[in-house]
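Colleague: Please bring up the model, and let us talk through its side-chain contacts.

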Amino acid sequence: MKTSNLLKEILDELNFRKAINPIVIEIAEISSITDYMVIASMDSDRGVKALADYVNEKLKKDLKIKTLIDGVNTSGWIIIDTGQIMIHLFHVDMREYYDLESLWNEGNRI
């Protein structure tokens, strides 16, 4: 699946699940970690966990994308990694505290 199509599928799922302020930052030119970073949040830890479950299920079962997931046993920040896209799902307070958008401000917002 093309990365642009995968990004669209992820954003569609985030919007369907009422994620707060989902954004995409292209960082391929400035980092070797991944090509794109998707950042979104929810207003409760339970919401973050549920959102991660839905997104991960969509990626694995519907789109047949292999993922790695981290942070499920902690609260407030879960990362889903597809290789070319790293999805950061935050509690709104934790998103504000870590402010990844500013950390990766040299990347291109899509």
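**Side-chain contacts**

Modeller: Tyr 98 is partly exposed, with a relative accessible area of 40%. Please keep in mind that this is a predicted model.

Colleague: And Tyr 97, buried or exposed?

Modeller: Tyr 97 is exposed, and its relative accessible area is 66%. The cut-off for that label is over 50%, so a value of 66% qualifies.

Colleague: How many aromatic pairs does the structure hold?

Modeller: The structure holds three aromatic pairs. One of them joins Tyr 97 and Tyr 98, with 4.9 Å from centre to centre and 90° between the planes.

Colleague: Why is that pair called edge-to-face?

Modeller: Planes over 60 degrees apart count as edge-to-face, and the planes of Tyr 97 and Tyr 98 are at 90°, so the pair receives that name.

Colleague: Which residues do the ring pairs link into a cluster?

Modeller: The cluster consists of Trp 77, Phe 90, Tyr 97 and Tyr 98, linked by ring pairs.

Colleague: Switching to charges now. How many salt bridges are there?

Modeller: The structure holds five salt bridges. In general, side chains of opposite charge can pair when their charged atoms come close.

Colleague: What is the N to O distance between Glu 13 and Arg 17?

Modeller: The distance is 2.9 Å, and their side chains meet in a salt bridge. Glu 13 counts as buried, at 9% relative accessibility, whereas Arg 17 counts as partly exposed, at 27%.

Colleague: Over which ring does the charged end of Arg 17 sit?

Modeller: It sits over the ring of Tyr 54, and the distance to the ring centre is 3.6 Å.

Colleague: Next, Asp 53. With which residue does Asp 53 form a salt bridge?

Modeller: The partner of Asp 53 is Lys 49, and the closest N and O atoms are 2.9 Å apart. Asp 53 counts as partly exposed at 37% relative accessibility, and Lys 49 counts as partly exposed at 32%.

Colleague: Where do Asp 53 and Lys 49 lie?

Modeller: Both residues are in helix 2, which covers residues 45-62. They are four residues apart, about one turn of the helix.

Colleague: Last one: are Arg 95 and Glu 101 buried or exposed?

Modeller: Arg 95 is buried, and Glu 101 is buried too. These two residues form a salt bridge, in which the closest N and O atoms are 2.6 Å apart.

Note on methods
Residues are numbered from 1 along each chain as its sequence is written. This is a predicted model: local features need pLDDT of at least 70, side-chain atom pairs count only at pLDDT 80 or more; totals for chains, interfaces and linings use all residues. Side-chain values use heavy atoms; hydrogens and water are left out. Rings of Phe, Tyr and Trp (its six-membered ring) pair if their centres lie within 6.5 Å; planes under 30 degrees apart count as stacked, over 60 as edge-to-face and the rest as tilted. Buried means under 20% relative accessible area, exposed over 50%, partly exposed in between (1.4 Å probe, protein chains only). A charge sits over a ring if NZ of Lys or CZ of Arg is within 6 Å of the ring centre and within 35 degrees of the ring normal. A salt bridge is a side-chain nitrogen of Lys or Arg within 4 Å of a carboxyl oxygen of Asp or Glu. Helices (H or I, at least four residues) and strands (E, at least two) are DSSP runs, numbered from the N terminus.
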